[in-house]
Amino acid sequence: FYAYKPVSISKSPTSIVDIEGSIDFNVSQTQGLKNKDCAYIVLSDNSRLKCSGNFVFSGGSRLGVMKNAKLEIGSGYCNYGTKIYCFNSIKIGNNVAIAEDVIIRDSDNHTIDGAPNTSPIVIGDNVWIGMGAKILKGVTIGNGSVVAAGAIVTKDVCENTIVAGIPARPIKENISW
């Protein structure tokens, strides 16, 4: 970890951190920081955080890997205010660009009519997630795709596709960025 103040890290003794590249929680360049700008990392009992590339989290980021969950990240960055909550399994590929205030959650934290409340998320390589987007449980986002600002992704996104809206729907295919 490369962590600059203010960063709060809570790590269970039974959690596993496996970093082949680097994780950089860089909030040091923000002026006039307040508590809400602090980056928070929580690694609960028997959780696993694996980073195979170089990944940067900006100020205000929240990263929670809950009991028995596994978060795998490749390379890229998350801008200010990103929140990633892993209750089961989240995998983020390489060269992933995540804009401000994005939320990625693989759980609803409750059940309705007995439906599963967690389901893995996979975000492919070369994916761009726009400001304020939400990626919900059970979603796979294909390589080379773009999630528009404010979109709520509830279904899989094919490779090289732009999705937008609530819920997110394809608006353009066969793209490159």
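Reader: In which sense do strand β11 and strand β14 pair, and over how many bridges?

Author: Strands are DSSP runs of E, at least two residues long, numbered from the N terminus, and two of them pair if DSSP finds at least two bridges between them. Here β11 (residues 83–86) and β14 (residues 103–105) pair in the parallel sense over three bridges. Y85 stands opposite R105 in β14. The model is predicted: local features need pLDDT of at least 70, side-chain atom pairs count only at pLDDT 80 or more, and totals for chains, interfaces and linings use all residues. Residues are numbered from 1 along each chain as its sequence is written, and side-chain values use heavy atoms, with hydrogens and water left out.

Reader: What is the order of the strands in the open sheet?

Author: The seven strands run β2-β5-β8-β11-β14-β17-β20, with parallel pairing. At the edges are β2 (7–11) and β20 (152–153), each pairing on one side only.

Reader: Why does N95 count as partly exposed?

Author: Buried means under 20% relative accessible area, exposed over 50%, and partly exposed in between (1.4 Å probe, protein chains only). N95 has 44% relative accessibility, so it counts as partly exposed. N95 sits in the loop between β12 (89–92) and β13 (96–98).

Reader: Which residues does N95 touch, not counting those up to four places away in sequence?

Author: Contact means heavy atoms within 4.5 Å. By that criterion N95 touches S75, G76, N126, V127 and W177. A polar contact (a pair of N or O atoms within 3.5 Å; within protein, one able to donate a hydrogen and the other to accept it, with sequence-adjacent residues counting only if both atoms are side-chain atoms) of 2.6 Å joins the side chains of N95 and N126.

How values were computed: Helices (H or I, at least four residues) and strands (E, at least two) are DSSP runs, numbered from the N terminus.
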